[in-house]
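Please examine the sequence and the structure shown here before reading on.

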Amino acid sequence: MKTRVIHWFKFASPQNFYVLAGRMWPWFAGLAAVLTLVGLWISFFVAPVDAQQGQGYRIIFVHVPASQMSMFIYLVMAAWAGIGLAFNTRLSGMMASALAPTGALFAFLSLITGSLWGKPMWGTWWVWDARLTSELILLFLYLGFLALQSSIDDPRRADKACAVLALVGAVNVPIIYFSVIWWNTLHQGASVSMKGSSMASTMLAGMLTMVLAFWMYAIAIALLRVRNIILDRERHTDWVKHAVA
Amino acid sequence: MNTTIPSIGLGRVLLSVLKREISLGLRQKGEVLTPLVFFMVIASLFPLGVGAESNLLLRMAPGVLWVSALLAAMLSLQRMFATDHADGSLEQMVLSPTPLGLLVLAKALAHFLLSGLPLVLIAPVLGLQFGLDTRSLGILMLSLLLGTPTLSLIGSIGAALTLGVRGAGVLLSLLILPLYIPVLIFGAGAVEADAAGLGIGGHLSLLAALLVLSLFFSPLVTAAALRISLE
């Protein structure tokens, strides 16, 4: 019997990864669609009405996964950036720039859904709560990354400069987070906290399904976007001409 | 033939770069004065915007002065490397045997001396206009003195990243202002904490911690960013 060996580093080349990503993304997109449908069904029809918050709480099924993903994607992006700087691989920078718009989108979505939830629950669209503020700052960090990316013409230089920025941002995120918490307690801000302890199991199931669905969506869209970036950057090569012909 | 480069002590390199930067800065007085005037104008706009009620102004003063200081420090950041980049001396610095991080540190220090320190010195005058008492003015100066070097150091990262980039000025503020938030919080917080009767030790310690961290890390990051920009 011959064991099949996969040469993982093969996929560090954009050309090979283009094919791999092309095979993978439909699966993740399919999973995302199924999980979203199941998750929304649970969150709208199965999960009980909350005793205190009524129907309005249901937005957390989108809000919580979005804010989790927005933070997680920044870390993944910084990790890709670090790999790119350390090993000088082209694909890493492409992955980082493929993830950034999705991360920014999730940060934005999390802010919007948060304020939609805040209006009926807290009676205001916005409070300068520590978590809201740090999410807003995270969105600014994403926007800075995207702005730097778009204003440097040479893609290799853009990748490296953005990698440095992403790493600086990743180091700063905890510092910013804790300083905002301290600032918040000093200012005696709106002391609202969500009591997540007594959550019904169907609510939890709905939430977890939605979290998974967002994961799958993020992976699928990042793969799809990195395919476009690869085509764009490699458009002078023969294989791209064959691939799009 | 082995060509030995005469070794110069790192301290002397640091001093000579510092002297060069300062004498260059002082020759163009506008460079030093414009951010200072900007600082005063911004701080004077706030009473016009929110009204001259003295209680309100007193409460806002630390925050307003600190935010104005952030913006003023930002204004002169772009020039930290731009002129040297234009005349090619930055490339010589990158090629020189002296560690680039050290040269960058000297440039950031010069930026602090030329733009941060004047802000520290003029802040009490503006603080008086907002009705701060002597004690608060002293704490404001102390927090600015601890905080503005951090602004120069973190800012040097942004200046290096945006070197020679389209729309560098606006981009620089978008990149750097979010990173300034901790300094703003603890800097303005120190004055407010004292006014509220709490100790200021924690705030000043944290400002000093941020300074030490950025003193160590930001020259290294800036040097890496400069190498990327000059590639």
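## Confidence of the model

The structure is a predicted model. For chain A the mean pLDDT is 84, and 92% of the residues of chain A reach 70 or more.

Residues 188-193 of chain A are an exception to that level, with pLDDT under 50 throughout. The model has nine contacts beyond four places in sequence for this stretch. Where pLDDT is low, predicted coordinates should not be read in detail.

## Overall architecture of chain A

Chain A contains seven helices and zero strands, and the order of its elements from the N terminus is α-α-α-α-α-α-α. The C-alpha trace of chain A spans about 60 × 45 × 35 Å along its principal axes.

Chain A has 245 residues, of which 39% count as buried. Of the contacts in chain A between residues at least 6 apart in sequence, 80% join residues at least 24 apart.

## The α6–α7 pair of chain B

In chain B, helix α6 (residues 100-129) and helix α7 (residues 134-161) have axes that come within 8 Å and cross at roughly 155°. An angle over 145 degrees counts as roughly antiparallel, and α6(B) and α7(B) are therefore roughly antiparallel to each other. The crossing of α6(B) past α7(B) is right-handed.

On the α6(B) side, the residues that meet α7(B) include B:Val104, B:Ala108, B:Phe112, B:Leu119 and B:Val120. Their counterparts in α7(B) include B:Leu137, B:Leu140, B:Met141, B:Leu144 and B:Pro149. By class, the residues of this contact comprise 15 nonpolar, seven polar and one charged.

## B:Arg227 in helix α9

B:Arg227 belongs to helix α9 (residues 201-230) of chain B. Is B:Arg227 buried or partly exposed? B:Arg227 has 14 other C-beta atoms within 10 Å and is therefore partly exposed, since a buried residue would need 20 or more.

B:Arg227 and B:Leu90 are 137 residues apart along the chain, and their C-alpha atoms are separated by 10 Å.

## Contact between the chains

Between the two chains, 21 residues of chain B are in contact with 22 residues of chain A. On the side of chain B that touches chain A, the elements giving two or more residues are α7, α8 (168-195) and α9 of chain B. The greatest share comes from α8(B), which gives eleven residues.

This side of chain B has 17 nonpolar, two polar and two charged residues.

Conventions
Residues numbered from 1 in each chain as written. Chains lettered and ligands numbered in written order. Predicted model: local features only at pLDDT ≥ 70, side-chain atom pairs only at ≥ 80, totals over all residues. pLDDT = per-residue confidence, 0-100. Contact = placed C-beta atoms within 7 Å. Axes fitted to C-alpha atoms, helices over the stretch in contact; angles between N-to-C directions. Helix = DSSP H or I, 4+ residues; strand = E, 2+ residues; numbered from the N terminus. Parallel < 35°, antiparallel > 145°, perpendicular 65-115°, else oblique. Left-handed = near helix turned anticlockwise from the far one by under 90°. Nonpolar A, V, L, I, M, F, W, Y, C, P; charged D, E, K, R; others polar. Buried ≥ 20, exposed ≤ 12 C-beta atoms within 10 Å, placed from the backbone.
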